[in-house]
Amino acid sequence: MGSLRILFISPNFPPYAQAGAARTGALARHWVEQGHEVTVIGARIGAANGIHSGLDHEHLTAIMLPVEKLPAAEGKPAPSAAPDKPASRPSRLRRWLWLSRQMPDRFHPHWTRRAVDTARGLCLAKGFDLVYSSGPPHSAHIAAQKIAAQSGLPWVCEQRDLWADNPYIDRQPVLTTLYNRLGRQVQRHADAFVAVTETAAGELAAQTGKAVTLARNGWDGADFAELEDVPAPLDPERLTIIHAGLIYAERRDPKALFEAIAMLGEDRSRVRAVFYHDEYGFLDQRIAEYGVADCVEMREFLPRSEILRVERQADVLLMCRWPDPAEDGVIPGKLFEYIGARRPILATGLESGEAAAIVREGGFGLATQDAGRIAEQLRAWIEAKDEGGGRVPDLPAETARGYTRDRAFADIDAAIARTLGRI
């Protein structure tokens, strides 16, 4: 479709992006490798974490704007902590006001305003062919909508998670209504959409009546290029299960694994589960509940380059899914990273849904919430580890290659070409 000048709006962009948003850096790199000129307006949040740090390219410019924090609301509880007593009415009102001031997220209105002002100057300086936004944070779409309206440029809106009617959004009912209404108002101005799951694509099409392209996440071969040679196992004696993502209290919960470990009897001494994140001590509660402290370890956060090596060294990779039908349309980006690591996957949660189907149909491991089945599979992996000289064998490379980002990004390219009327 020829060379394009793309204005890419995404607060969550390397090197400050969270691990789950590595897609944005990979997409920008894909575009410049296709011969496009890409200008990113992102956000500077905390310290650089090294995700896709090799993004230096003469046709890629990243402008990282600071994020202004709102003062904390009085009476604001920790997200998973139950207060000793109900908050007073004034405290609740202050909390709601605090949340409403940063609707839909903490990037609005301060970062959004800076992004729009910055884009206005860029458009006057060199012009663009397209505005492409990727969220969450969904403030990216607010900025993109304003930029598109002021410049007359076409706008493609990528929602890695749904904005309106997202089952994971759990706010006070009035705030949830306002959150959904804002999402619908903003996204109706987009010319086209990109979604990462079939369920989300269907929801967006129903909400907007516009074209929606399904472009799932995937893994990037460059991430594992230096890890092809199998590293030494983390533990040659014990089946080592690694969880390398966020734990969402009461939702993405490893209790089925803990229950299975407790069922192993003497074999439990051959298993250890290592978690690289906890949310407000939630895992400590679960560990005590199932009596598996001897089999579970908590570790500090690791940069992505280091966690990828750990994943390759692990025997099994754990993905926790919410055992609720609302999870059926959610595919954690971490799943594709696990596939790229080519290690067996244990996905807890419902056996239905798009993520479970990928695990099952790809032959990548087991997807279930049944502790008995998990215990049986753990014993099978222990046997495979012993037969493999201290390491469970890698999964086939050919199967994993079917889930790379290159395939998804080709679909995005086609969507852009359609939006611009070039095909």
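In which loop is the place of Gly 281? Gly 281 sits in the loop between strand S9 (271-275) and H8. The structure is a predicted model, in which local features need pLDDT of at least 70 and side-chain atom pairs count only at pLDDT 80 or more, while totals for chains, interfaces and linings use all residues. Residues are numbered from 1 along each chain as its sequence is written, and side-chain values use heavy atoms, with hydrogens and water left out.

The protein chain has 14 helices and 13 strands. Helices (H or I, at least four residues) and strands (E, at least two) are DSSP runs, numbered from the N terminus. Of the 423 residues in the protein chain, 52% are buried. Buried means under 20% relative accessible area, exposed over 50%, and partly exposed in between, with a 1.4 Å probe and protein chains only. Of the contacts with a separation of 6 or more, 75% are between residues 24 or more positions apart; contact means heavy atoms within 4.5 Å.

Gly 281 counts as partly exposed, because its relative accessibility is 24%.

The crossing of H7 with H8 is right-handed, meaning that the near helix is turned clockwise from the far one by less than a right angle. On the H7 side the residues are Lys 255, Phe 258, Glu 259 and Ala 262, and they meet Leu 283, Arg 286, Ile 287 and Tyr 290 in H8. The residues of this contact divide into five nonpolar, no polar and three charged. Here Ala, Val, Leu, Ile, Met, Phe, Trp, Tyr, Cys and Pro count as nonpolar, Asp, Glu, Lys and Arg as charged, and the others, Gly among them, as polar.

Strand S8 (residues 239-243) contains His 243. His 243 counts as buried because its relative accessible area is 4%. Leaving aside neighbours within four places in sequence, His 243 is in contact with Val 274, Phe 275, Tyr 276, Leu 318, Cys 320 and Tyr 338.

Helix H4 (residues 139-151) has 13 residues and reaches 18 Å from its first C-alpha to its last, close to the 18 Å expected at 1.5 Å a residue. The expected span is 1.5 Å times one less than the number of residues. The buried residues of H4 include His 141, Ile 142, Gln 145 and Ile 147. The buried residues of H4 pack against strand S1 (5-9), helix H3 (110-125), strand S4 (130-135), strand S5 (155-159) and helix H5 (173-187). Gly 152 follows H4 and has a positive phi, near 80°.

Helix H14 (residues 405-419) has 15 residues, which should span 21 Å at 1.5 Å a residue, and its end C-alpha atoms are 21 Å apart, in agreement. Among its buried residues are Arg 405, Phe 409, Ile 412, Asp 413 and Ile 416. They are covered by elements including helix H1 (22-33), S4, S5, strand S6 (192-195) and strand S7 (212-214). Gly 421 follows H14, with a positive phi near 70°.

The remaining features concern the backbone in loops. The peptide bond from Pro 14 to Pro 15 is cis, with omega near 5°, and Pro 15 is in the loop between S1 and H1. His 108 and Pro 109 are also joined by a cis peptide bond, with omega about 10°; Pro 109 is in the loop between helix H2 (89-101) and H3.

Asp 165 is not a glycine but has a positive phi of about 60°. Asp 165 lies in the loop between S5 and H5, and counts as partly exposed because its relative accessibility is 35%. Arg 342, likewise a residue other than glycine, has a positive phi near 60°. The loop of Arg 342 runs between helix H10 (333-341) and strand S12 (345-348), and Arg 342 counts as buried because its relative accessibility is 15%.
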